[in-house]
Amino acid sequence: AFRLHVASEAAACLGPWLSGRDPAWLARATRCLAVADRSMIPGHQTHLHEGMLGGQLALAYDAFQPALTAAQRTVWLRVMERLLDLYLDTARVSAWTVTANPNANPVDNGGSGLLALCLLNEMPGKAREALAFARRYVWAWLDYCQGVDGGNTEGAQYWQYGMDNFLPFAL
């Protein structure tokens, strides 16, 4: 993956924007995404970086969306659609990054599932297909990694990492 960090800068603008609704943060976020749209090269399949980014952008877009101009909205949707398309390509071939038991699963399915929820009205066909995959594939992680005592077979750090990406989608 190349230059995904530029797109994640857009999501990082959400906190400051929420604290005061300063339009400069929204403009900065959209500028970051415009640069990412021209320069980011995701991996050949959804993996940890793309999964996390999808969820981050979904949360930011959900908050920013009412304040976006039509031109800004187009930029956001273009970048998010690229990530959703990558997830669909990954899920359709049952790649290990979305079907495995370890933490890649909740990161990729949770983040991409949240992205699909965010885009349900914008791109209903793609979003519904992505949601079906995310809901189906995340069970491998839930069934394997979550112990009856609430623990995780991969340890506390990976439990948190997986849950941080899974719970916003699940809730």
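Predicted model: local features only at pLDDT ≥ 70, side-chain atom pairs only at ≥ 80, totals over all residues.

**Salt bridges, overall.** I started with the charged pairs and got a count of 7 salt bridges. I went through some of the pairs one by one.

**Arg 73 and Glu 122.** Their side chains meet in a salt bridge, 2.3 Å from N to O. I looked up where each partner sits: Arg 73 is in helix H5 (residues 70-92), Glu 122 in the loop between H7 and helix H8 (124-145), so the bridge ties together parts that are 49 residues apart in sequence.

**Asp 85 and Lys 126.** Here I found another salt bridge between side chains, with N to O at 2.8 Å. The pair links distant parts of the chain, with Asp 85 in helix H5 and Lys 126 in helix H8, 41 residues apart. For Asp 85 I read a relative accessible area of 26%, so Asp 85 is partly exposed. Lys 126 comes out at 28% relative accessibility and also counts as partly exposed.

**Arg 92 and Asp 89.** This is a salt bridge whose closest N and O atoms are 3.5 Å apart. How many residues separate Arg 92 and Asp 89? They are 3 residues apart, about one turn of the helix, and both lie in H5. Arg 92 has 45% relative accessibility and counts as partly exposed. I got 45% for Asp 89 as well, so that residue is partly exposed. Next I checked for shared partners, and found that salt bridges join Asp 37, Arg 78 and Arg 82 into one network.

**Asp 37.** Asp 37 lies in helix H3 (residues 23-39). Why does Asp 37 count as buried? Its relative accessible area is 18%, and the cut-off for buried is under 20%. Leaving out residues up to four places away in sequence, Asp 37 touches Arg 78, Val 79 and Arg 82.

**Gln 72.** Back to helix H5, where Gln 72 is found. Gln 72 has 16% relative accessibility, so I put it down as buried. What lies 2.9 Å from a polar atom of the Gln 72 side chain? I found the backbone nitrogen of Thr 69 there. Beyond four places in sequence, Gln 72 touches Leu 26, Ala 27, Thr 30 and Ala 67.

Most residues other than glycine have a negative phi. Arg 21 has a positive one, near 55°, and this residue lies in the loop between helix H2 (14-20) and H3. Ser 94 also has a positive phi, near 50°. I placed Ser 94 in the loop between H5 and H6. Its relative accessible area is 39%, so Ser 94 is partly exposed.

**Trp 96.** I went on to helix H6 (residues 96-99), where Trp 96 is found. With 48% relative accessibility, Trp 96 counts as partly exposed. Which residues does Trp 96 touch, not counting those up to four places away in sequence? I listed Gln 45, His 47 and Ala 104.

**Largest pocket.** Last stop. I noted about 160 Å³ of space in the largest pocket. Its lining includes Ala 11, Leu 14, Met 52, Leu 59, Gly 111, Leu 114, Asp 164 and Pro 168. The elements giving two or more residues to this lining are helix H4 (48-64), helix H7 (104-118) and helix H9 (156-170). Which element gives the most? H4 does, with 5 residues. I sorted the lining by type and got 7 nonpolar, 4 polar and 1 charged.

Key: Residues numbered from 1 in each chain as written. Heavy atoms only, no water. 1 Å grid on protein atoms, 1.4 Å probe; cavity = no way out; pocket = protein on both sides within 12 Å on 5 of 7 lines; lining within 4 Å. Points joined across faces, edges and corners; volume = space filled by probe spheres on them. Helix = DSSP H or I, 4+ residues; strand = E, 2+ residues; numbered from the N terminus. Nonpolar A, V, L, I, M, F, W, Y, C, P; charged D, E, K, R; others polar. Buried < 20%, exposed > 50% of the residue type's maximum accessible area, 1.4 Å probe, protein only. Contact = heavy atoms within 4.5 Å. Salt bridge = Lys/Arg side-chain N within 4 Å of Asp/Glu carboxyl O. Polar contact = N/O pair within 3.5 Å; in protein donor to acceptor, adjacent residues only side chain to side chain.
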